[in-house]
Amino acid sequence: IGHPEILPLLLTAKTQKIFNCRVDEDVTEENCFKCIKKEDIIQDLKTRANTSDFHPLKKVILEYPGEELLVVFDPKLQYGQNFYIVASEEAKENLLKLSAAAEETEENGEGALEVHKAWVSLGSEKEVEEESVKERDTKIKYKISRVRRKFGAPITFTDKNASDDKESYTECTSYEDNTFSIKMIERDVGVQTVPKVRETSTQTKWTYPKNASTQYYTRLLSNEAKAETLSSETLKEFLTAVHIRMEIALQQNEIMDVFFDDWKALAEDEEEGKPDVYLNAYQTFTDVQYLKNRTISCVRWHPTLYGIIALSAREQPSYEEQVNLSNKSLLHQSVILLLSFFDPICLQLVLKAPEDIYCFQFSPSDPNIIAGGCADGQVVLWDISKHEEKLKSALPVAEEVTDLAEDEPIAALVTEQVQQSSTEPSLVRHCAASSIPYSDKKPATDIQWVPCNSEDDQKGGTSDNRDENNLQLVTCSPDCSILFWDIPSIEHRQMFLSEKLKEEKRSYMPPDTDEDLDLSWKPLIKISLRERDTNAEYGPTRINLRELQYRYKTSGKAKSLSALRTPIKETPYTEMGSSSSKNLEVLENISTNFFFGNEDGEVVYSDWKMKIDTHSKKRHSQKYTLHTETINTLQNSPFFKDIFLSIGGQKFAIWKEGVTNGPILQSSCSAGRYTAGQWSLTRPGVFFIGRDNGNIDIWDLLKKTHEPSYFQNISKSTITFISPSSASAEQHFLAVSDDLGVLHILEICQTLCHPLSDE
């Protein structure tokens, strides 16, 4: 600030060695200036391209008028990095003149050094120490929060006498404290302690030894005494009183081993040594073009290809946008990026989307099909089967340096229009997109694949046949709706792509614009979460449901795409159902219960199938108010179908389906916010939670349940998503994204991977 000609620069050890500016060798704190030729820096930019440390200041270096640039060593990090570069000739000359003047002053002053006397303390520093004010008491901190639905609510103030309400008014009258009126009398007293000494003695009496022996035998009752005892009323009353307890004790002995030591069974062999780091940094990925000033919203591992990971990004919302749930987006490129471990610099695929992607999932049966939920509520499908071979052939590639031709101008280095080369990623268009009027009115915050059974009884055309994978989609949105989607057929998706290309060619629109294209993909079922009697609204942000199965009966011949593209007059939804709901046959022996978390931090257990009473339709639901902010994680345990984890605000909870009195485990209120979480894929008692300070809390319930067993800092910003992956039995990864658009790939240590016995 105040020095626009000074720009901070981070030089690694490799760059310092190339330009002879190594710290504490070529440059020091006293001799901190280094002049580097401009042509040497330009040659380094050509050779190392984006990996060059001068790449962030590429435009400034090319526009510099002089032949040499001044690079200054900054050991105190005054400008944020270990070096800074001077971007003007005038500032460069001024700094060099000041340095020369300082050296001359030191040379002239060496001969005139005076010997000063040593400073002798007279007690002044003690007086300063006694007069200084020091805080001794620990400050009390209060934190006040309120539920999200009360944000922006009007506030009404009223006047009343404080004496009328005794609970809110307390009078503190003054009184005389006798503690400060006691007169102390001083006197000199001396005390000396002297121990008491006395002499004692003891002597044991010695006796002569002699042999002795003892013999015992059982006492037997006579036959008359036995008969009298067995026929007595006292014995009968005793047996009547204890026979129930004795029967229970015998049953317990048969059911379990009373001599089994449970404590020893819980204990495991002591490990040789605890690891210093539980999450080792494996790789870090970011992209200047697609992830700059954006937050990563979702991260998914490819189900079958090792080393392939996909991520989506969206705009960084401000605080007002989060409160108002604004879904407006600026002009930008909305994509899903696919990258590989073996070549993290180059993207493998770029999936284009009409709007920012909030969530997406790979199809469990066909990983080439990807479904995503957009910021405007649309549901989008991609088919990457044509690029599957490219993903499989992703191997480590050596860096190739391409030299510019001699006649090519230097300005070509900074131009934004670069011709697409073979190393650039392939762009993939979406093959299906839902109709906006029938989609969610707010962002689709969660999406899940659900298997279904298809039943084809049509005669004639087959274009309306369900997809061969027998899968369906479920999405939820804060607009109080849950939508079930049927997957379009392959013919429908091909027609969608061809129609989209024709529309773009006719209107000369950019490739990523879908304004004039009428989409025809509509939801199969809509579940409304508004209660008419109480006017209650539940805006779900996360959904968790068991496997739903229902048959779809097609009727009549398939409609053409042009016939489906008709103007929409009104919404065909009622409380639950759609235009095709008459063809649905719900199976009987299935679970229709599901959990969802909403914006107010409530976890709701409901039934998606309507319960019909005598008077009105009501959906039976149980609401649990535990979290103080929006639910950001609601995930089933990979080991137990009826156990799931919920995270929101400053708390997390573990729930069990069927337990109606609340969670089986809940955390205390933490100092910061929990922003993401995931179960471990290999240990049932371990899960990971991301925080707003960039830490990852590792909870191991076998060791601690009141606090995390370990924690580790990953980033300087908020953790936005966590996704685990098991590459092999000995190698497990954890993908962690943050609010700065950086994806961290961490390798999980073996302690957190191998489950204990009977865990």
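Me: A polar contact is a pair of N or O atoms within 3.5 Å; within protein, one must be able to donate a hydrogen and the other to accept it, and residues adjacent in sequence count only if both atoms are side-chain atoms. So which residue's side chain makes one with the side chain of H627?

Reply: Quick heads-up: this is a predicted model, where local features need pLDDT of at least 70, side-chain atom pairs count only at pLDDT 80 or more, and totals for chains, interfaces and linings use all residues. Residues are numbered from 1 along each chain as its sequence is written, and side-chain values use heavy atoms, with hydrogens and water left out. H627 also has a polar side-chain atom 3.2 Å from the backbone oxygen of K651. The side-chain partner, at 3.0 Å, is S646.

Me: Is H627 buried or exposed?

Reply: H627 lies in the loop between β29 (621–625) and β30 (631–636); strands are DSSP runs of E, at least two residues, and helices runs of H or I, at least four, numbered from the N terminus. Beyond its neighbours within four places in sequence, H627 is in contact (heavy atoms within 4.5 Å) with residues including D600, V603 and F652. Buried means under 20% relative accessible area, exposed over 50%, partly exposed in between (1.4 Å probe, protein chains only). At 2%, H627 is buried.

Me: And S145, buried or exposed?

Reply: S145 sits in a loop too, between α5 (124–131) and α6 (223–230). Its C-alpha is 9.6 Å from that of E629, although the two residues are 484 apart along the chain. With 53% relative accessibility, S145 counts as exposed.

Me: What is the angle between the planes of F687 and W699?

Reply: Rings of Phe, Tyr and Trp (its six-membered ring) pair if their centres lie within 6.5 Å; planes under 30 degrees apart are stacked, over 60 edge-to-face, and the rest tilted. F687 lies in β35 (686–691) and W699 in β36 (695–700), so this pair ties together parts 12 residues apart in sequence. Both F687 and W699 are buried. Their rings are stacked, 6.2 Å centre to centre, with the planes at 5°.

Me: In what order do the four strands of the open sheet come?

Reply: Two strands pair if DSSP finds at least two bridges between them; β10 and β11 (369–374) have five, in the antiparallel sense. Within that pair, Q361 stands opposite A371 in β11. The edge strands, pairing on one side only, are β10 (357–362) and β14 (432–433). The pairing is antiparallel, and the order is β10-β11-β12-β14.
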